[in-house]
Amino acid sequence: MLHLTAVGYDQIIVGTGRVSPSPPIGATHALIAVESQPVRWLIGDNPTGTTGIRQIAGDVIEWLDSRVSYVDMLGDLRFTRDSTATADATLDIQYFLLYTA
C-alpha cells in the first residue's frame, strides 16, 4: 500500500525576482498554497510578471498523485510575483515522501 508522509515545510516570499523552493532530500510530492498575492510559475524556465502559469491568492497547487514522482519538477520550480500583485506574495509549501508500507 502506498502512503504519503510529511517530510518538511517551507514558507517563501515571492517578489519581483525569481525564487525556487528548497525541498528536503527525499521529497516526492507537495502542496503549495498561495497565501496573499498572485504569482506566476514555470518548471525549468523563468517566469515573468506576465508569463508563466498564474495562480491567485487562495489557490492550492496539489502535486499528490501517487502514480507520479514530482522530484524533478520540485527541483526545477520557479516563482515570481504576478504583474498585478500589489505586494510580495507568500507561499506555504508542505512536502511529502511517497513510500510503500
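In this predicted model, the aromatic pairs number 2. One of them joins tryptophan 41 and tryptophan 63 in an edge-to-face arrangement, with 5.7 Å from centre to centre and 75 degrees between the planes. Tryptophan 41 belongs to strand β3 (residues 39-43) and tryptophan 63 to strand β5 (residues 60-63), so this pair ties together parts that are 22 residues apart in sequence. Tryptophan 63 also pairs with tyrosine 70, and that pair is stacked. The table sets out both pairs.

| Aromatic pair | Arrangement | Centre to centre | Angle between planes |
|---|---|---|---|
| Tryptophan 41 and tryptophan 63 | edge-to-face | 5.7 Å | 75 degrees |
| Tryptophan 63 and tyrosine 70 | stacked | 5.7 Å | 5 degrees |

The words in the second column follow from the angles: planes under 30 degrees apart count as stacked, and planes over 60 degrees apart count as edge-to-face. Through these ring pairs, Trp41, Trp63 and Tyr70 are linked into a cluster.

Tryptophan 63, with a relative accessible area of 7%, is buried. Tyrosine 70 is buried as well.

Strand β5, which holds tryptophan 63, is also part of a sheet. This open sheet has 4 strands in the order β1-β7-β2-β5, and the pairing is antiparallel. Its edge strands are β1 (2-14) and β5, each of which pairs on one side only. On average, neighbouring strands of the sheet are turned by 15 degrees against each other, with direction ignored.

How many bridges connect β1 and β7? Strand β1 and strand β7 (residues 89-100) pair in the antiparallel sense over 12 bridges.

Serine 20 sits in the loop between β1 and β2 (29-34). Leaving aside residues up to four places away in sequence, serine 20 touches Leu77 and Arg78. Which atom of leucine 77 does the side chain of serine 20 reach? The side chain of serine 20 reaches the backbone oxygen of leucine 77, at 3.0 Å. Leucine 64 is 44 residues from serine 20 along the chain, and the C-alpha atoms of these two residues are separated by 19 Å.

Notes:
Residues are numbered from 1 along each chain as its sequence is written. This is a predicted model: local features need pLDDT of at least 70, side-chain atom pairs count only at pLDDT 80 or more; totals for chains, interfaces and linings use all residues. Side-chain values use heavy atoms; hydrogens and water are left out. Rings of Phe, Tyr and Trp (its six-membered ring) pair if their centres lie within 6.5 Å; planes under 30 degrees apart count as stacked, over 60 as edge-to-face and the rest as tilted. Helices (H or I, at least four residues) and strands (E, at least two) are DSSP runs, numbered from the N terminus. Buried means under 20% relative accessible area, exposed over 50%, partly exposed in between (1.4 Å probe, protein chains only). Two strands pair if DSSP finds at least two bridges between them. Axes are lines fitted to C-alpha atoms, for helices over the stretch in contact, and angles run from 0 to 180 degrees between N-to-C directions. Contact means heavy atoms within 4.5 Å. A polar contact is a pair of N or O atoms within 3.5 Å; within protein, one must be able to donate a hydrogen and the other to accept it, and residues adjacent in sequence count only if both atoms are side-chain atoms.
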